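I opened a new notebook page for this protein. These are my entries, in the order in which I looked things up.

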Amino acid sequence: MQSGKMCKILALFFATSMIVTGCATDDKISISSKRGEDDYDAIISYASSLLLKHSYNRTEKLVKVKMTDEDWKPEETDNGEVEINDDAAKSNSSANADASQKEAAKEKDSEESSVKESGKESSKDETAKESKEEKASKSTNLGDVSASISKHIEGLQLSYDGYEVAKNYPKDKKQGRVTAGKGKNLLVLKFTLKNPTDKDVKLNMNKKKTVVQGTLNNTGIGYCEMTMLEEDFSSFYGTIKAKNEKKVVILWKVPEKITDKVSKISLKLKIDNETFDLSIM
């Protein structure tokens, strides 16, 4: 009994070996019949599955897709011609129509969105223009906010003394002298820092995060120059004695043509995160 079983197993083993090794020879497997073709495909599929399953990363890479014959199989007519299933064709046609409608709706929404955005941009431009005009009208004289500025500069009083247009400042060749350069002039705004108290006051503008921007004849001239001058207000560091004062300046390098006639000067002064819009003249 055991011998009979062993013979059957050996016979099955040799038969399987001959089938599998057949693909490496002259394709001696007869697959003319439907049954033979199905067996051949089954063996190849199983062998491929084992090979992939036991590959280096040991992951199952074959994806099983459930599909019935009706999902893909074409129909043959009596004269041997192949016809596509009408239901499938209708389904595909309907899907394509739905896709086209969705695409058209998407394009329409995009166009409407563009029109809305254009309207928003126009509205933003108008708002920005109004805001700029409003800020210009809100500019105040230095004297009107001197008390508020005084709180940020240790109780000192800041007053405006006038302006100067020059090629060099100061005129003598002292350390830190600023030169305008070709095609430009220096706009020098002059101020006085006064200590009205009975105590000496030490002021360090660098700790105040001071920012100064200028406008000359309604033309923005940007941030003031950073200099090494001890009297530069934007970076002033020193002590002003009780009941004493110190002359300070703020400088810009500007094109010569806009300094021919100075008619209006305004500043945006920021100290300790508080901003002052100042009309100087």
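**Entry 1: a hairpin**

I started with strand 9 and strand 10, which form a hairpin with 2 residues between them. In the turn, asparagine 217 has a positive phi of about 50 degrees. I noted that the model is predicted. Strand 9 and strand 10 (residues 219-223) pair in the antiparallel sense, over 4 bridges. I looked up one partner: leucine 216 has threonine 219 in strand 10 as its bridge partner.

**Entry 2: the other partner and the faces of strand 9**

Which strand do 6 bridges join to strand 9? I found strand 13 (residues 265-271), and the two run antiparallel. Here glutamine 213 stands opposite lysine 268 in strand 13.

Next I asked which residues of strand 9 (residues 211-216) lie on its covered face and which on its uncovered face. Val212, Gly214 and Leu216 make up the covered face. Val211, Gln213 and Thr215 make up the uncovered one.

**Entry 3: a pocket**

I then turned to the second largest pocket, which has a volume of about 230 Å³. Its lining includes Val211 and Val212, which I had already met on the uncovered and the covered face of strand 9, respectively. I also listed Met205, Asn206, Thr210, Tyr223, Cys224, Met226, Thr227, Asp232, Ser234 and Ser235 as lining residues. How many residues of each class are in this lining? I wrote down 6 nonpolar, 5 polar and 1 charged.

Alanine 166 stands opposite leucine 186 in strand 7.

**Entry 4: the whole protein**

Last, I looked up totals. The protein has 5 helices and 14 strands. Of its 281 residues, 23% count as buried. I also checked contacts with a separation of 6 or more: residues 24 or more positions apart account for 67% of them.

Methods. Residues are numbered from 1 along each chain as its sequence is written. This is a predicted model: local features need pLDDT of at least 70, side-chain atom pairs count only at pLDDT 80 or more; totals for chains, interfaces and linings use all residues. Side-chain values use heavy atoms; hydrogens and water are left out. On a 1 Å grid over the protein atoms alone, a cavity is a set of points where a 1.4 Å probe fits but cannot get out, and a pocket is an open set with protein on both sides within 12 Å along at least five of seven lines; lining residues have an atom within 4 Å of a point. Grid points are joined across faces, edges and corners, and a volume is the space filled by probe spheres set on the points. Ala, Val, Leu, Ile, Met, Phe, Trp, Tyr, Cys and Pro count as nonpolar, Asp, Glu, Lys and Arg as charged, and the others, Gly among them, as polar. Two strands pair if DSSP finds at least two bridges between them. Buried means under 20% relative accessible area, exposed over 50%, partly exposed in between (1.4 Å probe, protein chains only). Contact means heavy atoms within 4.5 Å.
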